[in-house]
Amino acid sequence: MKLTPLFSSVRQLEAEIDRYLDHVLEAGLVFSRAVEAYVRRGVEETYAEYIAEITQVEEEGDALRREIETRMTFHTLIPELREDVLSLIEQVDQVTNRYEESVYAFYVQRPALGPIDEGILELARAAVTTAEEMVKAARAFFRDLHAVRDHVKKVQFFESEADKVATRIGRQLFESDLELAQKLHLQQFIDRIDDIADTSEDIGDELSILVIKRLV
Amino acid sequence: MDLWAWFFLTGGLFLGWSLGGNDGANIFGTAVGTRMVRFSTAAFIAGVFVTLGAALSGFGTAGNLGKLGSVGTLLGAFLIAVAAAYAVYWMNRRALPVSTSQTIVGAILGWNVFAGRGVDFGAFGQFLGAWVVTPFLSAALAIALYLPVRGLLRRVRLHLLTLDLLTRYALIAAGAFGAYSLGANNIANVVGVFVPLAGRIFRPLELPGGAVLDPVHQLLLLGGLAIAAGVYNSRRVMMTVGHDLARLNPLAAWVVVVAQSLVLLVFASQRFAQFVASLGLPPPPLVPVSSSQAVVGAVIGLGLLIPGGRVDWGLFGRVAAGWVLAPTTAAVLSLVALYVAQNVFNLPVLP
């Protein structure tokens, strides 16, 4: 068995996982900017740029994810860790997908946000903060298992904040004079953004379990 | 070709197969139980190194005929080997790690009783020592080893993938070394008593390149292959050791294997004791230790230390009962088999 190529393959894999997590953060930043642009100016030229940007980030992330999956399947041979990491990467990928779907949904459906425009901004910020903390937890899983717990605690806190914002603006929405159809339409956007925080929390919970299995 | 010699040899091969099926768990149980190494990989590596150990380094130990050498007749040795092999096989079926060495001694105790030589109570003392002292020593050593290594790893903060790869190689290296020692040390018990018959079983085998494999080495190779084949049957015992008794992490899996080797080195090796004494240091006391009991002790010790270790005390109770049952069963089986062979079939079992 040749050791050096395997070690270099593992090093490459480590770098790819780091880059993959960078993409998740980047997708969050683009999402934040896109929502802000939509709330302030609606769909105009800059929004189209965000569409292009999030599509590119998501595609690069997907390519990296496939590369990681292939490398884990064929080049490293640790069954337990492989399954855990593959499941983690798949779950994290859902966050990037939710970012992309939301940016596209604003672009395609162009909802009139009316009374909840500032609320949607606040909710988007809370969701991105939750996802960013989840990325920190995921990085810690690979480098510093003992730090995962602290990050997961923060993920839970921010997710709960996001839920509070979602509930508040949901009530605000249904207390408004908008048509029921419009209220239901906007509620979908609230749910869609809140889902980013929920998915991040689920990943945090999964990380807590993985840590218990591996804690030394 | 002597068919009787072949027939007798099957007893030894059965013992080798059972031994591999149980002792395979001592070397790769924690690696497979923590899923750091696949069972197929572990069995292949163990099989290769067990065979190499038996064929290359087994001659010294096999030359002294092993434990069965004291029996004196081939039929007696065959019956004792089958009794011990069956007792270990029964434990394998129940997925319990036992000491094959103690089981063989148990079967020989049965022969001693049958031959009217009385019971060697020294052996009981050794058994008790191994059952009680080894697990504690091993658990203490495993914990003493685990804590500083864990501290070091926390400080170094290797990437999890690198750490797992290193742990995996360390487990494979330790397992390969353990398998080599298993083959070298146990082949005497498996085929030692048949060494004088080797010429009646095998002819010198010419290998490509002009080398000749003599009958004794063919016998050792066959015995090694029997142990290796047994290792392929050790998955359930491995899971008891590495997964069911306590939940270990990859580092603990490695520490268990190292602690086991250290226990055998420090408390059972006369050479090591002499070496320590030659340095002017007080030598460690030599106590009867067994690798199966050392592994179980280390697993329990670390299972208690690690958060979420969840030691299964009920299973430990069954394992401990197995330690008593295996030699006892072997003793009773060999006594009955010898009695039946002599008194029912009129066969000469005593020298």
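# Close-up views of a predicted two-chain model

**View 1. Helix 3 of chain B is mostly covered, with 18 of its 20 residues buried.** The model shown here and in the views that follow is a predicted one. From its first C-alpha to its last, helix 3 of chain B reaches 28 Å, which is close to the 28 Å expected for its 20 residues at 1.5 Å a residue. Just after this helix comes Ala95(B), which takes a positive phi of about 60°.

**View 2. The largest nonpolar core holds 117 residues.** The members that touch the most other members are Ala46(B), Ile80(B), Ala83(B), Ala84(B), Val256(B), Val299(B) and Leu302(B). Helix 3 of chain B, residues 74-93, gives this core its largest share, namely 16 residues. Another core, of 62 residues, lies apart from it, and among its residues are Val85(A), Val95(A), Ile120(A) and Val152(A). As a general background to such views, nonpolar side chains tend to be buried together in soluble globular proteins.

**View 3. Helix 1 and helix 12 of chain B come within 9 Å of each other, axis to axis.** The axes of helix 1, residues 3-33, and helix 12, residues 291-305, cross at roughly 25°. Because an angle under 35 degrees counts as roughly parallel, helix 1 of chain B is described as roughly parallel to helix 12 of chain B. On the side of helix 1, the residues that meet the other helix are Asn26(B), Gly29(B) and Thr30(B), and their partners in helix 12 are Ser291(B), Ser292(B), Val295(B) and Val299(B). Sorted by class, this contact has 2 nonpolar, 5 polar and no charged residues.

**View 4. Helix 6 and helix 8 of chain B pack at an angle of about 105°.** The axes of helix 6 and of helix 8, residues 215-231, are 9 Å apart. Since angles of 65 to 115 degrees count as roughly perpendicular, helix 6 of chain B is roughly perpendicular to helix 8 of chain B. Gly183(B), Asn186(B), Ile187(B), Val190(B) and Val191(B) in helix 6 meet Leu219(B), Leu220(B), Gly223(B), Gly224(B), Ala226(B) and Ile227(B) in helix 8. The residues of this contact divide into 7 nonpolar, 4 polar and no charged.

**View 5. Chain A and chain B touch through 17 residues from chain A and 18 residues from chain B.** On the side of chain B that touches chain A, helix 5 (121-156) and helix 6 (160-191) each supply at least two residues. Helix 6 of chain B gives the most to that side, with 6 residues. By class, the residues on the chain B side divide into 7 nonpolar, 5 polar and 6 charged.

**View 6. Arg110(A) and Arg35(B) each have a positive phi.** In Arg110(A), which is not a glycine, phi is near 45°, and this residue is found in the loop between helix 3 (79-109) and helix 4 (117-143) of chain A. Arg110(A) counts as exposed because it has 12 C-beta neighbours inside 10 Å. Arg35(B), also not a glycine, has a phi of about 60° and is found in the loop between helix 1 and helix 2 (39-62) of chain B. With 18 other C-beta atoms within 10 Å, Arg35(B) is partly exposed.

**View 7. Helix 2 of chain A, residues 45-74, reaches 44 Å from its first C-alpha to its last.** This span is close to the 44 Å expected for its 30 residues at 1.5 Å a residue. Its buried residues are Tyr47(A), Tyr50(A), Ile54(A), Val57(A), Glu58(A), Gly61(A), Arg65(A) and Met72(A). Arg41(A) lies in helix 1 of chain A, residues 3-41, and counts as exposed because it has 11 C-beta neighbours inside 10 Å. Between the C-alpha atoms of Arg41(A) and Ile68(A) there are 39 Å in space, while in sequence these residues are 27 residues apart.

**View 8. Pro327(B) has its place in helix 13 of chain B, residues 313-343.** This proline is buried, because 27 other C-beta atoms lie within 10 Å. Leaving aside its neighbours within four places in sequence, Pro327(B) is in contact with Gln102(B), Thr103(B), Val105(B), Gly106(B) and Phe127(B). Trp254(B) is 73 residues from Pro327(B) in sequence and 29 Å from it in space, C-alpha to C-alpha.

Notes: Residues are numbered from 1 along each chain as its sequence is written. Chains are lettered from A and ligands numbered from 1 in the order in which they are written. This is a predicted model: local features need pLDDT of at least 70, side-chain atom pairs count only at pLDDT 80 or more; totals for chains, interfaces and linings use all residues. Axes are lines fitted to C-alpha atoms, for helices over the stretch in contact, and angles run from 0 to 180 degrees between N-to-C directions. Helices (H or I, at least four residues) and strands (E, at least two) are DSSP runs, numbered from the N terminus. Angles under 35 degrees count as roughly parallel, over 145 as roughly antiparallel, 65 to 115 as roughly perpendicular and the rest as oblique. Two residues are in contact if their C-beta atoms, placed from the backbone, lie within 7 Å. Ala, Val, Leu, Ile, Met, Phe, Trp, Tyr, Cys and Pro count as nonpolar, Asp, Glu, Lys and Arg as charged, and the others, Gly among them, as polar. A nonpolar core is a set of buried Ala, Val, Leu, Ile, Met, Phe, Trp, Tyr and Cys residues joined through C-beta atoms within 7 Å. The expected span of a helix is 1.5 Å times one less than its number of residues.
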